[in-house]
Amino acid sequence: SWTNAMVQYMQQATGLNYLGFTSTANTRKQAVGFLVHPRLEVLKGPIEYSQVASVQGVPDLRPAYRLDLRDRTTGAEFSATVVHLKSMRGGPLATSAIRYKQLDILQKLLGPKYSGFVVGDLNWILTDKSLK
């Protein structure tokens, strides 16, 4: 996938010992991924949430991708989940319902005890209150 190629390139280009992880790619060779700094230890994962890529029959959505980590310096443990939600192709209003459903699915999968971050490209206009 393009994401896998970029992760590999960044690992080599930085000269640092980053760990690279990429999710399953869609039919357009798009995925999501992580570059993990050596300060962080992977405790569990990667965990792929393919349900986030299966909404309303929309093609080429991407899964959510999670790592459970420990900071080797502080000992802090947390999770990081990366997403790339549905683009606005089709218009912000029409596509916002798909992104909303993707996030609804993700929050159910992560559960109430999830402690960490959800990051990535949300494709969301934060100032547009008309979008759900």
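Trainee: Let's start with F34. Is F34 buried or exposed?

Mentor: This is a predicted model, and in it F34 has 11% relative accessibility. Buried means under 20% relative accessible area, so F34 counts as buried.

Trainee: Which residue does F34 form an aromatic pair with?

Mentor: For a ring pair, look at the distance between centres and the angle between planes; planes under 30 degrees apart count as stacked. F34 pairs with Y65, at 6.1 Å centre to centre and 25° between the planes, so the pair is stacked. F34 belongs to strand β2 (residues 33–36) and Y65 to strand β4 (residues 64–71), so the pair ties together parts 31 residues apart in sequence. Y65 is buried as well, with a relative accessible area of 6%.

Trainee: And how are the rings of F78 and F117 arranged?

Mentor: Those two are edge-to-face, with 5.8 Å centre to centre and 80° between the planes. Here the parts tied together are 39 residues apart in sequence, because F78 sits in strand β5 (residues 77–84) and F117 in strand β6 (residues 116–121). F78 is partly exposed, at a relative accessible area of 22%. The count of aromatic pairs comes to two.

Trainee: On to the nonpolar cores. Which residues have the most contacts inside the largest one?

Mentor: A core is a set of buried nonpolar residues joined through side-chain atoms. The largest has 15 residues, and Y49, V52, L61, A64 and L106 have the most contacts inside it. Two elements, β3 (40–49) and α2 (92–110), each give two or more residues to this core. The largest share, four residues, is from α2. Apart from that core there is another, of ten residues, including F21, V32, L40 and Y65.

Trainee: What is Y49 in contact with, leaving aside neighbours within four places in sequence?

Mentor: Y49 contacts P63, A64, R66, L106, L109 and L110 on that basis.

Trainee: Now the charged side chains. How many salt bridges does the structure hold?

Mentor: The general idea first: side chains of opposite charge can pair when their charged atoms come close. This structure holds six salt bridges.

Trainee: Which residues do shared partners join into one network?

Mentor: E41, R70 and E77 are joined that way. R70 is partly exposed, with a relative accessible area of 27%.

Trainee: Last one, the surface. Which residues make the nonpolar patch?

Mentor: A patch like this joins nonpolar side chains of residues with over 30% relative accessible area. Here M6, Y9, M10 and L35 make one of about 380 Å². Helix α1 (residues 2–14) gives the most to the patch, with three residues. M6 is found in helix α1, and M6 is partly exposed, with a relative accessible area of 48%.

Note on methods:
Residues are numbered from 1 along each chain as its sequence is written. This is a predicted model: local features need pLDDT of at least 70, side-chain atom pairs count only at pLDDT 80 or more; totals for chains, interfaces and linings use all residues. Side-chain values use heavy atoms; hydrogens and water are left out. Patches are made of residues with over 30% relative accessible area and no salt bridge: like charges are joined within 9 Å, nonpolar side chains (Val, Leu, Ile, Met, Phe, Trp, Tyr) within 5 Å. Accessible areas come from the Shrake-Rupley method with a 1.4 Å probe; for residues, only the protein chains shown count as cover. A salt bridge is a side-chain nitrogen of Lys or Arg within 4 Å of a carboxyl oxygen of Asp or Glu. Buried means under 20% relative accessible area, exposed over 50%, partly exposed in between (1.4 Å probe, protein chains only). A nonpolar core is a set of buried Ala, Val, Leu, Ile, Met, Phe, Trp, Tyr and Cys residues joined through side-chain atoms within 4.5 Å. Contact means heavy atoms within 4.5 Å. Rings of Phe, Tyr and Trp (its six-membered ring) pair if their centres lie within 6.5 Å; planes under 30 degrees apart count as stacked, over 60 as edge-to-face and the rest as tilted.
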